[in-house]
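Here is a short report on charged side-chain contacts. Look over the sequence and the structure first.

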Amino acid sequence: MKVTTAALPLLPLFQRLLPGLPGLPGLPGVPDLVSLPGRLTGLSLTLLKASALEAAILAGHLLLYPSGIIQERHPVRVLPPTDSPDPLPSPPVPRLPAPVSPPVVLLHGFIDNRSVFLLLRRSLVQHGRHDIESLNYSPLTCDIRTAAELLGRHIEGICERTGSERVDVVGHSLGGLIARYYVQRLGGERRVRTLVTLGTPHAGTRVVPLANAHPIVRQMRPGSAVLDELSLPTPGCRTRFVSFWSDLDRVMDPLETACLDHPDLTVRNVRVSGIGHLALPVHPAVATGIREALDTIALETGAETDAQAGMGTGKRAGGLTVA
């Protein structure tokens, strides 16, 4: 008992090093300390499973990476030859009616490509989303602003082809930050109905200091000029935000940087337990959460649903346990 009591002052340090370690009720704390070995064993098994899953996903993604290098292609309408003897005037091509569900745009993260969304795309298609497009931006991209402008042009093209006024966007890691810049700083809120981010450093991440050699990594650091711009007022923004963040995401430092908190934005932060950064766009439980977020009725319909009632500025409602 004396040894246990003497260790109590060190518990805050252990809690910081080992997320999820319980607090101390009364003396207080002795029951929790007695069960500490079992809790640490459970935590170690969770970390081990998450690390194994990350390694497997990384290996699979490396194999699929070449298939996602080439940008997606869209069918081109073939016009009749103009040198025919008596060419008939071509009837005007009718615009497609706006679909019930808007198109979905998938945006990958740093040094990645559209192949990361293979399983998520399949899940969306199986549940009725057939108008899905991915955007590849170059790994040599050095400015989030430039990538956001490219995204804006891509979305305008999608709206023109489909006849839809708005789209939904799913962005993984850096992709979520690029999409958010487009929405907040380039007028994208008129085009993006819902923006879902997966492990996006909304407040900046301090992981891997040596990566600062890349300009776009410096823009993802706390206090960067880009993040300062995103913290500016955005009154009247119509886009809904859903941010998935994982308690085992080692790319986010601190973990809560993947939560979005802005007084002018309608946000729902969803905690995911049991998987790491690479698994967020791959895991079926997260895919289910993404589908639910995209299927929520838009706020402008005027009919508030239960899901909308749980949304608010920085709201951390809901959560997924996939371990």
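The report below covers salt bridges in this predicted model.

## Overall count

The search of the whole structure finds 13 salt bridges.

## Helix to helix

Arg-145 pairs with Glu-229. Their closest N and O atoms are 2.8 Å apart.

Arg-145 has 24% relative accessibility and counts as partly exposed. Glu-229 counts as buried, at 19%. The cut-off matters here: buried means under 20% relative accessible area.

## Loop to loop

Glu-165 forms a salt bridge with Arg-191, with 3.6 Å between the closest N and O atoms. Glu-165 lies in the loop between α6 and β3, and Arg-191 in the loop between α7 and β4, so this pair ties together parts 26 residues apart in sequence. Glu-165 is exposed at 56% relative accessibility, whereas Arg-191 is buried at 12%.

Glu-189 forms a salt bridge with Arg-238. Here the closest N and O atoms are 3.6 Å apart. Glu-189 belongs to the loop between α7 and β4, and Arg-238 to the loop between α9 and β5, so the contact links parts 49 residues apart in sequence. Glu-189 is partly exposed, at 22% relative accessibility. Arg-238 is partly exposed too, with a relative accessible area of 39%.

## A network

Some salt bridges join up. Arg-129, Asp-168, Arg-193 and Asp-295 are linked in a network of them.

Methods
Residues are numbered from 1 along each chain as its sequence is written. This is a predicted model: local features need pLDDT of at least 70, side-chain atom pairs count only at pLDDT 80 or more; totals for chains, interfaces and linings use all residues. Side-chain values use heavy atoms; hydrogens and water are left out. A salt bridge is a side-chain nitrogen of Lys or Arg within 4 Å of a carboxyl oxygen of Asp or Glu. Buried means under 20% relative accessible area, exposed over 50%, partly exposed in between (1.4 Å probe, protein chains only). Helices (H or I, at least four residues) and strands (E, at least two) are DSSP runs, numbered from the N terminus.
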